Amino acid sequence: VVVATSKDFSANENLKYIYETICLNTNLDVRVLDNFNEGFYENRKKYYLLSRAKVIVVDDYFYPLYRKKISRSQYYVQLWHAAGAYKKFAYSAISARQSNSLEFEKKAHQQYTHIVASSEDVGEIYAQAFNHPKEKIKTIGFPRTDILYNFEYRKFIKDRFSKLYPELSDKKIILYAPTFRGGETERVNFKSKIDWEKVKIPIDTIVLVKYLS
């Protein structure tokens, strides 16, 4: 099994969860491939592993396979990194501003054998966005949120949070964590337009604000 990203694996919670789960629960040979910009010889090794893998798992656009055919005996699984479908993407965004071309989207997505979605409704959207039949969409949940079903982990996090912020233990907590598009400069300089002084928040409630880092 190859868990692959053309970006930095250490920052990818979705693929890290898949990798760790496979390692802990199976005897499969699982490899991580990332950062396809390390030179000819390093990339050659990575492409060899991709060609030999029985299963290739990605969760975003994966350019190393755009112009290369996978074998008919291989499984190419797209997890997709978004926990839902809150914006248009892939084929569904072709007519939008700053969208990719039809040819680009075709090269990026045509080879998937399985596409994982978080629900039936999201599965319908994914089928259209990736231009694949519904039979390829597996509505089995979103990998990195599986841990929320681990009650021991949830208790551990709540206890740790209470110890760090005991003054919030009896408060209702609302998390505001906006995501936004644009380049790196725009993200760093992002300023929320919300005037928090004008927001009427009940006395038993606090709002935690987390901007994209």
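Start with the packing. This is a predicted model. Which residues of H4 are buried? In this helix, residues 120-130, they are Val122, Gly123, Tyr126, Ala127, Ala129 and Phe130.

Now the charges. Side chains of opposite charge can pair when their charged atoms come close. How many salt bridges does the model have? The count comes to eight. I'll go through some of them.

Take aspartate 29 and arginine 31. Their side chains form a salt bridge, with N to O at 2.8 Å. Arginine 31 is partly exposed, at 37% relative accessible area.

Next, lysine 46 with glutamate 38. This is a salt bridge too, at 2.8 Å, N to O. Is lysine 46 buried or exposed? Lysine 46 is buried, with a relative accessible area of 8%. Glutamate 38 is partly exposed, at 44%.

Then lysine 45 and glutamate 42. Their side chains meet in a salt bridge at 3.6 Å, N to O. Where do they sit? Both are in helix H2, residues 40-52. They are three residues apart, so about one helical turn separates them. Lysine 45 counts as exposed, at 51% relative accessibility. The cut-off for exposed is over 50%. Glutamate 42 is partly exposed, at 34% relative accessible area.

That's my part. Over to you for questions.

Note on methods:
Residues are numbered from 1 along each chain as its sequence is written. This is a predicted model: local features need pLDDT of at least 70, side-chain atom pairs count only at pLDDT 80 or more; totals for chains, interfaces and linings use all residues. Side-chain values use heavy atoms; hydrogens and water are left out. Buried means under 20% relative accessible area, exposed over 50%, partly exposed in between (1.4 Å probe, protein chains only). Helices (H or I, at least four residues) and strands (E, at least two) are DSSP runs, numbered from the N terminus. A salt bridge is a side-chain nitrogen of Lys or Arg within 4 Å of a carboxyl oxygen of Asp or Glu.
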